[in-house]
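Visitor: Could you walk me through this one? I have not looked at it before.
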Amino acid sequence: MEPQSLLVTLMQSINRHEIPIAVVAAALLVAAVNVLVLAQDARTEPTNIAGEWRLDNNERDTSSQAPLGDYTGIPFNDAGRLRSDTTPESIWGTLEYQCRPHSAPHQWRGLGGASILVEQDPLTRAPSVYHFQFMRSLDRPVFMDGRPHPPAYAPHSWTGFSTGEWIGNTLKITTTHLKDGFLRRGGPQTTDMYAMTEYLTRHDDILTIVTVIDDPLYQDQPYVHSTTYTADLNNRVNMETCNGSFAENGGTDRHYVPHFLPGENAEALTEWITKGGLITGGARNPANAEDWVPLIAARGGMKTLYPEYRSTLNGSVTVEALAVPASRSAASAEKMIAAQSPRDGQVHVLPVQGNVYMLVADGTNITASLGPDGVTLVNTGAAQMSDKVLAAVTQLAKAVVAPTATNACYGAHCPGRWGWSSPYINTVITSPAPAPPIRYVINTSAAPQYSSGNEKIATSGSNTRSGGFGAAVETVEGAAVLAHENVLSRLSTPAGNAGAPPAAALPTVTYFEDFYKLPAFFNGEAVIVYHAPEATTDGDSYVYFRRSDVISAGDLFSTVSYPTIDVAKGGSVQGVIRGLNAILDLAVAEYRSQGGTWIVPGHGRLSDTADVASYRNMLVIIRDRVQNLIEKGLTLEQVKAARPSIDFDGRYGSATGPWTTQMFIEAVYRSLQEKK
Amino acid sequence: MKTLVITAAVSLLASTAALQAQQPGRGAPPPAAREAAALDLTGNWVSVIVEDWKWRMVTPKKGVYEAIPLNPAGRKVADTWDPARDEAAGEQCRSYGAANIMRVPGRLRISWQNENTLRIETDAGTQSRLFHFAAAPPAGQPSWQGHSLARWEYGPARGRGQARLGNLKVVTNNLRPGYLRKNGAPYSAGTTVTEYYDLNTLPNGDQWMTVTTKVEDPQYLLRHYLTTSDFKKLPDASGWNPSPCSSR
């Protein structure tokens, strides 16, 4: 009999007095006990994973560091291999990387155990946030409350942004917004355009962690690995302080970027197979040589991951000829990169720090300082975006200067309120103050994407001018437009047949020295404009908001493309690198090589020192490769054909559009030929 | 009052009934393992050798037992590894036993032998494992795959009418002595192998099976030997390539 039928019959019997009430009461008691027992068994809450965990796994990646050049089991493509081959472990010596924690793909394999803490909803006790903590790591929250991931132009971190959901006994964690790093200690690299998915399942006292690293720029298929931890009440995650120093980075050059030229270290990459492992004093022990590993397999690759590979061991078939059941990537690097700089005709606002906001206007970043003194904009974007930029700035300025809030003041003694008989009523019967005006526009270059909005936006603002002795300060229409003097030259005498822009679009204040300071604090802080000579052109500036601790980098820095170096207008790759180094000298990471000073790029996501360093490193590596090819006597066309930037092209390059990889390589080549 | 009591009793009985409906095996004969499955492992699978590639895809030289917590007795045995001797003795399948078979590169075919027995076949070494969920037959003589008892590990209850998700736990013993690595790292007849089978759907749609294996051998291991092995589900049996055990 079905439970429902049983209940109907029971009710009918009770109503006909066929079952005495005493029996019903007894049944009540039994049922209550049953409900308690069964409810306990039919648990609805997820498995408890909170607590102390000890890394407990007997696989190579967790028991020891893989030797240099060991890519076995990694589905690398050519770009991933080249990047890893040319990246020495001494990259950790660069100032901006000295304190970075393990990269997210390797974190579960680092020593020191893990603490998993849980925040619970106070009413339901459902986990709202898990916190993962490892030695050398930052607190890594995993949000369980269903919140969305941030927009793609939000910053990336070493641990990324994670959300989780329980699926049966398994906690599935999805992580985005990750910085570039490594898959394993010892070399195998990642880009910053990978997605990470983890599956945590507790079995008795064992925690199994499956990690999926989907990096379509460096891998032919997702890299999936798994490891285990054991519950250990006595485990304590040690904290390791970081004491970085110049000495670690070659001792004398704080901007030194260690790297190998392609092929330069080919022998070193295979010594673990041919000569044995390193022993004391830098010698190698032949007895440790892992000489049973085929050299071709040491290079990794998707086709070496499947059992089909074994058919190559007798030489009857090559690895290239194998057909394997390959997997596909679920990630699109192109989409992820494009999303950092959405060209959607809209203005997106990202609060940064202190007074400063980042506005993404159809893919171009505008930096805004907002406060009681008014608005300063670093760049104005493209002309066709001006109306939307103005609307966004006005709305933001109103919200910042006079935020909407309910009355919180009662009685006759409301502090800071004006009025006599009933001061608080004026906080209700009111209207919002107008947005403060745009006082300054700062152009970091003459490029139209940054400055063609000047006319409409600058003229909408106002500034002040002293009336001289005895005269009142005068308000003048239009914001002051500030730029390096070469920007004024470029704008007022445009190349080709382009006409000069109207006077209202031109800089009204120019500088020609190393830097220029706004004459007074603006919104309570110093604003300093620095010149970056011979960078993308001869007129680049970057702007430092000192108390907010934000740098607006202009065209020097982009997270979505190679720098648009215009050699004919005085630009050079060396100058861009010098400019980036100057930004790095100014900026300070908050902790563990991330956060702290925020850097707003000309295009792309909000960044920090490590991101700028990554971009600088990329430029140094490509510059040195091109220089090496020039010294070998290669022509420009031969240099292009050699593809010296193959491991970065997927990330920053483009085959089409106004700034292609070929154009960038040509700019590097020409600027090196001119010895700038 | 009477009505109130009756109503309360009926409500509680209803709760009991509803909860009982979610409990496999309560108040009625337990459902067969196949019906009560917490996850569906059946189908064709291929191992993806991402970890310990150099010890699994190819055979390391004698004496390479790094990461295996062998005790002195175990090392002594490992140091005498002689594949020719194993071949002569008909012992080529020593590295294909239950303690290591999931680490061997190859394909799996998983199916229900009957309502309470899950069967795993491997093309590498043509081995066959039987996971008994109930009424397990007598253990019999030790064998490469030993005797395996299995049970589902259920996750929390889900919505009404939805099957509970979970994992599979398998404990195997009664094993014939074998190798944890093809180059002779030994395990003894007294070994217990505990395995946990997880199934996840990756973002690219791949069905991914991860087997967590804990090997406990008081004779040759200092402590347990813990590894994970990963498999991807295939749409069909293509690539199934039965091959005999090899000691090299």
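Guide: Start with one term: two residues are in contact if their C-beta atoms, placed from the backbone, lie within 7 Å. This is a predicted model, where local features need pLDDT of at least 70, side-chain atom pairs count only at pLDDT 80 or more, and totals for chains, interfaces and linings use all residues. Residues are numbered from 1 along each chain as its sequence is written, while chains are lettered from A and ligands numbered from 1 in the order in which they are written.

Visitor: Okay, which residues does Leu180(B) touch?
Guide: Leaving out residues up to four places away in sequence, Leu180(B) touches Ile68(B), Ala99(B), Asn100(B), Ala185(B), Tyr187(B), Val215(B) and Tyr225(B).

Visitor: Which residues have the most contacts inside the largest nonpolar core?
Guide: Val48(B), Leu180(B) and Met209(B), in a core of 106 residues. A nonpolar core is a set of buried Ala, Val, Leu, Ile, Met, Phe, Trp, Tyr and Cys residues joined through C-beta atoms within 7 Å. Buried means 20 or more other C-beta atoms within 10 Å of the residue's own; exposed means 12 or fewer, and partly exposed is in between.

Visitor: Which strand gives the most to this core?
Guide: β8(A), with 6 residues. Another core, of 93 residues, lies apart from it and includes Ala361(A), Ala483(A), Ala532(A) and Ala667(A).

Visitor: Back up a bit. How many helices and strands are in chain A?
Guide: Chain A has 18 helices and 25 strands. They are DSSP runs numbered from the N terminus, with helices (H or I) of at least four residues and strands (E) of at least two. Of its 676 residues, 47% count as buried. Among contacts in chain A with a separation of 6 or more, 62% are between residues 24 or more positions apart.

Visitor: And how many in chain B?
Guide: Chain B comes to 4 helices and 11 strands. It has 248 residues, of which 47% count as buried. Residues 24 or more positions apart make up 62% of its contacts with a separation of 6 or more.

Visitor: How many strands close into the barrel?
Guide: 9 strands of chain A do, in the order β1-β2-β3-β4-β5-β6-β7-β8-β9, with mixed pairing. Two strands pair if DSSP finds at least two bridges between them. From one strand to the next the twist averages 30°; such angles run from 0 to 180 degrees between N-to-C directions of axes fitted to C-alpha atoms, for helices over the stretch in contact.

Visitor: How do β1 and β2 of chain A run, parallel or antiparallel?
Guide: Antiparallel: 3 bridges join β1 (residues 51–55) to β2 (residues 114–120) in chain A. Gly51(A) stands opposite Ile116(A) in β2(A). β2(A) also pairs with β3 (residues 127–134) of chain A, again antiparallel, over 7 bridges, and Ala114(A) has Phe134(A) in β3(A) as its bridge partner.

Visitor: What sits between β2(A) and β3(A)?
Guide: The two form a hairpin with 6 residues between them, and in the turn Arg125(A) has a positive phi of about 65°.

Visitor: How many bridges join β7 and β8 of chain A?
Guide: 9 bridges, between residues 195–203 and residues 206–214, which run antiparallel. Met196(A) has Ile213(A) in β8(A) as its bridge partner.

Visitor: New topic. What is the order of the open sheet?
Guide: The order is β21-β22-β23-β24-β25 in chain A, 5 strands with mixed pairing. β21 (515–517) and β25 are the edge strands, each pairing on one side only. The twist there averages 25° from one strand to the next. β21(A) and β22(A) run antiparallel over 3 bridges, and Phe515(A) stands opposite Tyr530(A) in β22(A).

Visitor: Which helix lies across β22, β23, β24 and β25 of chain A?
Guide: α14(A), which runs at about 165° to β24(A). Of its 14 residues, 10 are buried, so α14(A) is largely enclosed by the rest of the structure. Among the buried ones are Val576(A), Ile577(A), Leu580(A) and Ile583(A). Their cover includes β24 (550–558), α15 (609–631) and α18 (661–673) of chain A.

Visitor: At what angle do α15(A) and α18(A) pack?
Guide: At about 65°, with their axes 10 Å apart. The residues making the contact include Ile622(A) and Val626(A) of α15(A), and Ile665(A) and Leu672(A) of α18(A).
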